[in-house]
Amino acid sequence: IGNNSHFLARVSTTSGTVTPAIKGTFMYIHDIKIKPNSNLIAISERAGSQVTIGDLSTGDIVGSVRTDGESGYVEWLGKCLVTSNVAQKNILVFDVANLAEPKLLKTYDFSETGAIFDRLRGMAIDHQTGRIYGRSSIPCNPMVETCEKTRNSIAVIDLGSAAEILAMCRQ
């Protein structure tokens, strides 16, 4: 402890043993998501500007996608991995059907929301419609700053883009 390297661990509730779930270490893990009905897990590394994909059945790293910025939240949608760039306020949609060669399908830009949407701090996907919701929430410390400025907001992509996402990511 004391550095910023992390690993994903399995903890046995019967024996108390701790073993790595995925081989390797990760820098500043931001988010993790297990793909439904799968052994795949997405690990967002904020400092590494990437999302690593691991296989929980083998413990191996089986793929990764570059985000070219501070990786944020991750979601699975069909054959796609959807992730956010925190400071750039972008949502990136990757086709990861072939883990050896993931393809960036589309980037959705939330920066046009302006300064009130300070950073892309959270993300949720409606799996029925394909709509992506982005959340910007920056806590205010009244001991340090004036908290009159609101920095909490939610942005939603349009329905046309949502339908496009569903079509791209269907398995």
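Tutor: Helices (H or I, at least four residues) and strands (E, at least two) are DSSP runs, numbered from the N terminus. By that count the protein chain has 1 helix and 15 strands. This is a predicted model, where local features need pLDDT of at least 70, side-chain atom pairs count only at pLDDT 80 or more, and totals for chains, interfaces and linings use all residues. Residues are numbered from 1 along each chain as its sequence is written, and side-chain values use heavy atoms, with hydrogens and water left out.

Student: What makes C80 and C169 a disulfide?

Tutor: The term asks for a pair of cysteine sulfur atoms within 2.5 Å. The sulfur atoms of C80 and C169 are 2.2 Å apart, so the pair qualifies. The structure holds 1 disulfide. It links distant parts of the chain, with C80 in strand β10 (residues 80–85) and C169 in helix α1 (residues 159–169), 89 residues apart. The angle about the S-S bond is -95°, and the link of C80 and C169 is left-handed.

Student: How do you know whether C80 and C169 are buried or exposed?

Tutor: Buried means under 20% relative accessible area, exposed over 50%, and partly exposed in between (1.4 Å probe, protein chains only). C80 has 0%, so it is buried. C169 has 2%, so C169 is buried too. Across the protein chain, buried residues make up 39% of the 171 residues.

Student: Why is V11 called exposed?

Tutor: Because its relative accessible area is 57%, V11 passes the cut-off of over 50%. V11 lies in strand β2 (residues 9–11).

Student: What makes a set of residues a nonpolar core?

Tutor: The members are buried Ala, Val, Leu, Ile, Met, Phe, Trp, Tyr and Cys residues joined through side-chain atoms within 4.5 Å. The largest such core here has 19 residues, and V82, I91, F110, I132 and I165 touch the most other members. β10, β11 (90–95), β13 (122–125) and α1 each supply at least two residues of this core. Its largest share, 5 residues, comes from α1. A second, separate core of 11 residues includes A42, I53, W76 and L92.

Student: Which residues does F110 touch?

Tutor: Contact means heavy atoms within 4.5 Å. Not counting residues up to four places away in sequence, F110 touches K89, N90, I91, F117, L120, I132, G134, A155, V156 and I157.
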